[in-house]
Amino acid sequence: MSEEMASKKVVANGSEKSVSGNLGSSGVLGDRNDGGSSIGHSSGVGEGGEGGVFEYFGRVYHLGTNSIGHEYCHLRFLFIRGKYVEMYKRNPHENPGIKPIRRGVIGPTMMIEELGCRKVNHGDVYVIRFYNRLDETKKGEIACPTAGEARKWLEAFEHAKQQGEYELTRGGSTRNKLNMEADIDLEGHRPRVRRYARGLKKLMKIWQGPETLLRQSSSLVNDGRGDGFYEGDNGDAIEAHEWKCVRTINGVRIFEDVANYKAGRGVLVKAVAVVEANADAVFEVILKLDKHQRYEWDAFTGDLELVDSYDGNYDVVYCTYDPKYLSRWQSNRDFIFSRQWFRGQDGTYTILQFPATHKQRPPRSGYRRTEITPSTWEIRSLNTPADTETARCLVTQMLEIHSKRWCKWKNSYYSKFEKTIPYALLIQVAGLKEYIEANPAFKHETSATVVNSRLSDLSTSEYEDEDAEDQFYDATDSSSDDEESDEDDDEQEKKEIKVKLKNVSWAIASLSLKQPKAPCANNELDACVDPVTIDLSQFQGSLQKGLDDKDSNCWCSPSGMGFMIRGKTYLKDNAKVMGGEPLLKLIAVDWFKVDKAVDNIALHPKCLVQSEAAKKLPFILVINLQIPAKPNYCLVLYYAADRPVNKSSSLGKFVDGSDTYRDSRFKLIPSIVQGYWMVKRAVGTKACLLGKAVTCKYLRQDNFLEIDVDIGSSSVARSVIGLVLGYVTSLIVDLAILIEGKEESELPEYILGTVRLNRIKPDSAMPLEVRHFETDQEP
């Protein structure tokens, strides 16, 4: 299909910028009058809202069903201005006077979740869901054609939510509007659809799929880092790997992990290359199944066929390959493997590949079924040099090689190793690098979607007196037949676009020689009050405390030296320092199994917090990790302070702050100290703002604060925890919790508490009776 080059002017941060891209002539988005090109997402205005109003706008897909069950996917123009969201049928910049068909406020109780990739008819979209944390029946969904665009919209909504929270702290009429949870009232907004008032009270939702999917070209333009959670290039937990480069092939470096190498066992190997394209584009190339594209870079898994997909971030694929390139045997080969992918809060993509079986693909006549080597992809964005606009990312493929041929190959080019599946996987990185370098469009092409952010000179005051009380997920109700009757939509739907512990100790010891002194937290607790004595023998949880790392099914509390946290000068140089001793003392751990997730567990009569010894403590922090499984589990961590919390400290502001403030500060750093390397790659070592990744609920009473972390609220978190549970009996897991420092007065950070979980046994979880407890909690 022929393509044409297009160049358009867009506005970013108040200045015009010319961008060019490769727009497919078949793209209906380019045929409409509200054209434009995608540009990078700027960071916009800060939380203080000074210098103007943050704006973000562009095209999205509106997914929904009408009152009679008719499913559809409409192209819409979404506009974020400050904390307000408007949805139009066409670009309001090029159609002056056009009225929004939806309008609402991004309130502090609105949660934004990325559902991942969803297969709809002949294409994929990346779905974003909105819901009310206090009432999850209020929800809605929009979709983007690429993962990169979905990420930008997530950032924009988070920014708007922070601006709304800032205005909320200033009080006034904004406070009242943000706290309203009114029903939909479209009087004066959409008179044409009054007859559908009953249907409009149904909230927008997605069914099995819209009738027609409109596919866009990929967004391949680099964006400046607008990510508010970016933690730097390295992990936040110290790992014991020692990578040594053993070979360079076509610009791709081949490494092996020499820290954990033992003769006769597997060797962890990775191929690393810098690719001149943004991470979003590379991710889509790796994930795409189109054989015509894969033939250009993938000599091994070029013939892929989708077998099944789940939850938007997991699928099963079937592959056939010609064995003459890998074996002296000439019989045809095939295999099945699963792919699980997710994007971290720093924008890094991870793809896990496992051998699999599926009932829809039994052994095939004439083919010899083989098993693919487990491997992982990691795609991480790199900083773009000041003198170029070309995006760059670091692509890594990692796998464990059990064959002894590896040692022979790295020393003397053992040719038989080059006929193996592990080698075929390693050189995929070289093929990918060459393919992208041979296609200049990956460096300069943009999609046909307007995705723009800027600062507007318009004041938010003009919205203060307007009728915009509806929350955004309410205002995007899509039950109306009015949308489906639009002629533009009918024409749009007719067109289709292809939318180990020793080594860890060694690593910590070596790093401690290079790192500044660990920060302390002297001001977090009230120094005017004498500390109380915390006697651990008075507190007994259902999970026992271990004596050493050889024990199983137990816990202990390690120091914070295994974690890297923000230093005093982080805002200037991104420097991190090694963590010190935790501020709070871990006094007990409960391991429960329940029929469903339990909130407010600290109020349970059998909970440790309700004991007489606990009531005498100045402060207790309860972390309730709700783990989805069959059955469900609750891992409850109890941290105690020996003095009251200083009200003016970071901890004091967190304990007594709003839920939105807590969501933006509550951070967890995970680390798999010992266990299967694939699980390590899945969990990672990056700090995570839990309130941004999953739903967190807070209970502040008496002398405690409880944080209920619903891991099941995120499909990505569910899939990762499912993988962890499969290997949990052989894992040693370290967790550190802390309050993120975003201002100079909040730095350096400090470790709030740690826990080490040694080879937990799911069967050892104690049942928790909650029926009568829940009845007692009802008002």
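Two strands pair if DSSP finds at least two bridges between them.

## Basis of the report

This is a predicted model, in which local features need pLDDT of at least 70 and side-chain atom pairs count only at pLDDT 80 or more, while totals for chains, interfaces and linings use all residues. Residues are numbered from 1 along each chain as its sequence is written, and side-chain values use heavy atoms, with hydrogens and water left out. Helices (H or I, at least four residues) and strands (E, at least two) are DSSP runs, numbered from the N terminus.

## Strand β4 and its partners

Five bridges join β4 to strand β5 (residues 84–88), and the two run antiparallel. Two residues lie between the strands of this hairpin, and G82 in the turn has a positive phi of about 65°.

Strand β3 (residues 53–65) is also antiparallel to β4, with 11 bridges joining them. Here G64 stands opposite Y72 in β4. Buried means under 20% relative accessible area, exposed over 50%, and partly exposed in between (1.4 Å probe, protein chains only). Strand β4 (residues 71–81) is largely enclosed by the rest of the structure, because 10 of its 11 residues are buried.

## A five-stranded sheet

An open sheet of five strands has the order β21-β32-β31-β27-β28, with antiparallel pairing. The edges are β21 (554–556) and β28 (688–689); each has a single partner strand, so one side of each is left without a neighbour in the sheet.

Within this sheet, strand β31 (residues 732–739) and strand β32 (residues 753–758) are antiparallel and joined by six bridges. V733 stands opposite L757 in β32. N758 is also found in strand β32, and N758 counts as buried because its relative accessibility is 1%. Contact means heavy atoms within 4.5 Å. Leaving aside neighbours within four places in sequence, the residues in contact with N758 include D548, D549, C554 and I732.

## Nonpolar cores

A nonpolar core is a set of buried Ala, Val, Leu, Ile, Met, Phe, Trp, Tyr and Cys residues joined through side-chain atoms within 4.5 Å. In soluble globular proteins, nonpolar side chains tend to be buried together. The largest nonpolar core here has 72 residues, and W153, F157, V282, W377, I379, W406 and L432 touch the most other members. A second, separate core has 59 residues, among them V589, L637, F654 and Y750.

What is W406 in contact with, leaving aside its neighbours within four places in sequence? The residues are V246, I254, E256, V267, V269, I401, F417 and L426.

Axes are lines fitted to C-alpha atoms, for helices over the stretch in contact, and angles run from 0 to 180 degrees between N-to-C directions. The axes of helix α5 (residues 279–287) and helix α9 (residues 428–437) come within 12 Å and cross at roughly 120°. V282, V285 and I286 of α5 make the contact with L432, Y435 and I436 of α9.

W297 lies in the loop between α6 (291–294) and β13 (303–310). With a relative accessible area of 6%, W297 is buried. Leaving aside neighbours within four places in sequence, W297 is in contact with V285, I286, W377, Q428, G431, L432 and Y435. W297 and E434 are 137 residues apart in sequence, and their C-alpha atoms are 7.4 Å apart in space.
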